[in-house]
Amino acid sequence: MNAGKPDLEPWEWPEGEWRRRVDRVRAGRRLRPAEWPGGARCAVALSFDSDHETSDLRDGGNSIGRLAWGQYGNRVGVPRILAVLAKFQVKASFYVPAVVALLHPDEQRRVVAEGHEIGIHGWIHELNSALPADAERDLMRRSADTLEQVAGVRPVGLRTPSWDFSRHTLEIERELGLAYDSSLMADEDCYELLLDGVPTGLVELPVEWVRDDAVYFMMNRFQSLRPYTPPADVFDIFRREFEAAYDERGLFQLTMHPHIIGYRSRIWILDEIIRHAKAHQGVWFGTHAEVVDWAKRHAT
Ligand SMILES: [Zn+2]
């Protein structure tokens, strides 16, 4: 890390060292519009990370059982999600690893044909911070090209797999000419990303673990990880996040996964949160790309 210097422990770092690390990627200008399209007071941005089989492939791909769980995401999860979105006529964003796009090209074409956005979600759901910069750059380029070839639309946004953002990710996003990232959590409004203190023009549409279905529902048969929050309580958390965003005239963003939210006992959460939001006056639903574009052009 410090060329020519012995590695120091964090408590030994000079001020310049911890400042350099903190300042690498930082939240800059807040991008909160006075109102959303059509005079709406609140924006709803729904997203689905279609990880499917890459949840296991990225760990070696040795578990037929976990690969089957991933296939459920394609066979049952995505169709069920698309049916709910179509019923309410709302648009959403799907983040898709390139390997998933190659395994399930018809799914991606259907998602785009139904008016939704597809964004980059790594090659095989690899962790960016574990990669050399050159490998990360190569995989991100190939991922963008693959999604474009499969779905017919060049992606404009990236969600890093597992929200794992390396010290090189923002630089690579800028090289690729992306409009936005959706992996960081420095705010609840969109903001401009700073690289080493310099504004990049790239917008962050922030996520949060609290608005992610995976943290409430994940389980591991052979470890102690179990779902610890009942579906009704997960809905209650999401509803409160929406209510506060509505009161603040802000943005309500949600992250879900086809192989997690797609079950019969859970899909109602998506149905009900859309119904609940639509029961309020002045709520606009947009893809992440649409939200970013509006926020950037109308920030006060
Ligand atoms: Zn993912």
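This is a predicted model: local features need pLDDT of at least 70, side-chain atom pairs count only at pLDDT 80 or more; totals for chains, interfaces and linings use all residues.
Colleague: What makes L195, T200 and L202 contacts of R174, leaving aside its neighbours within four places in sequence?

Modeller: Contact means heavy atoms within 4.5 Å, and R174 meets that with L195, T200 and L202. Numbering starts from 1 along each chain as its sequence is written, and side-chain values use heavy atoms, leaving out hydrogens and water.

Colleague: Why is R174 called partly exposed?

Modeller: Under 20% relative accessible area is buried, over 50% is exposed, and partly exposed is in between (1.4 Å probe, protein chains only). R174 has 39%, so it lands in the middle class. The residue sits in helix α7, residues 169-175; helices (H or I, at least four residues) and strands (E, at least two) are DSSP runs, numbered from the N terminus.

Colleague: And what makes R30 partly exposed?

Modeller: Its relative accessibility is 48%, so R30 gets that label too. R30 belongs to strand β1, residues 25-31. Its contacts, again skipping neighbours within four places in sequence, are D187, D189, C190, Y191 and A299. R30 and D187 are 157 residues apart along the chain, yet their C-alpha atoms are separated by 8.4 Å.

Colleague: How do you know whether V292 is buried or exposed?

Modeller: At 3% relative accessibility V292 is buried. You'll find V292 in helix α12, residues 288-298, touching A179, Y180, V203 and L205, not counting residues up to four places away in sequence.

Colleague: Now the metal. What makes D51, H121 and H125 donors of the zinc ion?

Modeller: Donors are N, O and S atoms within 2.8 Å of the metal (3.2 Å for Na, K and Ca). The two OD entries of D51, plus NE2 of H121 and NE2 of H125, lie 2.0 to 2.5 Å from the zinc ion, inside the limit. Water is not among the atoms, so the site may look incomplete. Along the chain the spacing reads D-x69-H-x3-H, and H121 and H125 are both buried.

Colleague: What makes the group with L46, F48 and L85 a nonpolar core?

Modeller: A nonpolar core is a set of buried Ala, Val, Leu, Ile, Met, Phe, Trp, Tyr and Cys residues joined through side-chain atoms within 4.5 Å. The largest one has 50 residues, and L46, F48, L85, F94, L270 and I274 touch the most other members. A second, separate core has 16 residues, including L31, A40, Y95 and W284. Among the contacts of L46 are V90, L254, M256 and F285.

Colleague: How do you know where there is a cavity, and what lines the largest?

Modeller: On a 1 Å grid over the protein atoms alone, a cavity is a set of points where a 1.4 Å probe fits but cannot get out; lining residues have an atom within 4 Å of a point. One cavity of 30 Å³ or more turns up in the whole structure. The largest holds about 50 Å³, and its lining includes I120, E126, L139 and M140. Helix α6 (residues 133-151) gives the largest share of that lining, three residues.

Colleague: Last one: why is Q89 called exposed?

Modeller: Its relative accessible area is 73%, so Q89 clears the exposed threshold. Q89 sits in the loop between α3 (64-88) and β3 (93-96), and its phi is near 55°, positive in a residue other than glycine. Most residues other than glycine have a negative phi.

Notes: On a 1 Å grid over the protein atoms alone, a cavity is a set of points where a 1.4 Å probe fits but cannot get out, and a pocket is an open set with protein on both sides within 12 Å along at least five of seven lines; lining residues have an atom within 4 Å of a point. Grid points are joined across faces, edges and corners, and a volume is the space filled by probe spheres set on the points.
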